[in-house]
Amino acid sequence: MLELDELFMGGGILVIGIVVAIGIAVATRILTKYFHRGIARFIVSSFGYPIAGYVLATTTYVAFHIYMPELLNISATYYQAVIVLLAVWTVYRMSMSAVDYFFPHEEHEPSRVGPILKFSLRVVIWSLGIMMVLATLQINITPLLAGAGIAGIAVALAAQDLLGNIFGGVVLYLDTPFRVGDWVKVDGQFGEVLQIGPRSTRIKTLDSQLMTIPNAKIAGDSVINFSAPQDYMLIRLKIGVAYGSDVALVKQTMKDAVENVFSTTPYLSRDEPAQANFLSFGDSSLNFELVICASKPLYYYASIDAVNCEVDRLFRERGITIPFPQREVRILNMPEKGL
C-alpha cells in the first residue's frame with residue numbers, strides 16, 4: 001500500500017526533476033543564441049540538453065523505483081538503457097559541435113568538410129549507440145548484425161547510382177573545382193552554381209533555368225570555372241577585313257571600339273588590356289583577333305554584342321570593309337569542233 005508521505009516524497013522529487021530539466025533546457029537555448037561561436041558555445045551546445053535529460057531520467061527513476069514502485073515499477077535495466085542512450089546523445093552532440101567549431105559555416109563560403117564529417121559521424125555514432133542500448137537491454141544483436149549485413153549488400157546493389165552520386169559529392173567537396181556563386185561550364189551548359197548537395201549540383205543557366213546535374217557526372221567530366229582564379233573573363237573575337245585595308249587603322253579602330261564600350265557600359269574590365277592582333281592572310285580576308293576582358297562571366301554575351309556592334313559602326317564610319325567569301329570563275333574560249 002502506497003503511503004501518503006512516500007507519495008508526496010516521490011511526487012516532489014519528480015516535480016523538482018521536471019522543473020530543473022526544463023530550466024536547464026531553456027538556459028541552454030538562451031546561451032546557445034548568446035554564444036555565437038567559441039569554446040563557450042561548444043560546451044553549452046554539447047552538454048546542455050543532455051544534462052537536462054540526465055536530470056529528468058534520474059529523478060523519474062528515483063521517484064518511481066524507490067518511493068512509488070506500486071504506481072510504476074521502473075526496472076534498473078531500463079534506466080541503464082536510458083543512461084546509455086543519453087551518453088550516446090552526448091557524444092553525438094559533442095561531435096557535431098566539434099565539427100562546427102573546427103569547420104565553421106560561413107555565409108559566403110560554406111564549409112565543405114563539415115557536412116561530410118557530420119554525415120559520417122551521425123551514421124557511426126548512432127549505429128554503435130543503438131547496438132549498445134540493445135546490449136544493455138540484454139537483447140541478442142547477432143541476428144540483427146547478420147540481417148543488417150545482408151540488407152546492406154542489397155541496398156548497395158539497388159542504389160549504385162545514388163551511392164555513386166554521393167561519392168561524387170564527396171569528391172567535389174574535397175577537390176573544390178568550384179564554389180557556390182561561381183560561373184562554370186558543365187556538361188555543355190554555362191551557368192551560375194546555386195547549390196552543391198550531397199547527391200547533385202544545381203546550376204542556374206543564362207536562360208534562368210534550373211539545371212540539376214548528378215555529382216557522379218560532374219566528378220567524371222571536365223569542368224571549366226570562369227570565376228577562378230579571377231572573376232573577370234577574357235573573350236577572343238575573330239574579325240576579318242577586306243584585302244587592301246590599312247592594318248594599323250584596323251587595329252586602332254578595334255581598340256577604339258573597346259574604349260567606347262568601356263566608357264558607356266559596365267560590361268568590360270581593365271584588369272587585362274584589350275589586344276588587336278593580325279593573325280593571318282585568309283582566302284578572302286585579312287584575319288584579326290580582338291581580345292577583350294569581360295568584368296563578370298555574366299556579361300559574356302553582352303560584352304560580345306556591345307563590342308561587335310561598335311566595331312561594325314566604326315568600320316562603316318572609317319570605310320573599312322568586312323568581306324564575304326568570293327570566288328572568281330573564268331571561262332576560256334574553246335575552239336569549235338567539227339560535227
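Is R313 buried, partly exposed or exposed? At 40% relative accessibility, R313 is partly exposed, where buried denotes under 20% relative accessible area, exposed over 50%, and partly exposed the range in between (1.4 Å probe, protein chains only). The model is predicted, so that local features need pLDDT of at least 70 and side-chain atom pairs count only at pLDDT 80 or more, while totals for chains, interfaces and linings use all residues. Residues are numbered from 1 along each chain as its sequence is written, and side-chain values use heavy atoms, with hydrogens and water left out.

R313 pairs with E317 in a salt bridge (a side-chain nitrogen of Lys or Arg within 4 Å of a carboxyl oxygen of Asp or Glu), the closest N and O atoms lying 3.3 Å apart. The two residues are 4 residues apart in helix α9, separated by about one helical turn. E317 is exposed, at 55%.

Helix α9 spans residues 300–317; helices (H or I, at least four residues) and strands (E, at least two) are DSSP runs numbered from the N terminus. D312 and R316 are likewise 4 residues apart in this helix, and their salt bridge has its closest N and O atoms 3.0 Å apart. D312 is partly exposed at 28%, whereas R316 is exposed at 65%.

Another salt bridge joins the side chains of E289 and K238, at 2.8 Å from N to O. This pair links distant parts of the chain, with E289 in strand β8 (residues 286–294) and K238 in strand β6 (residues 233–241), 51 residues apart. E289 is buried, with a relative accessible area of 8%, but K238 is exposed at 59%. In total, the structure holds 7 salt bridges.
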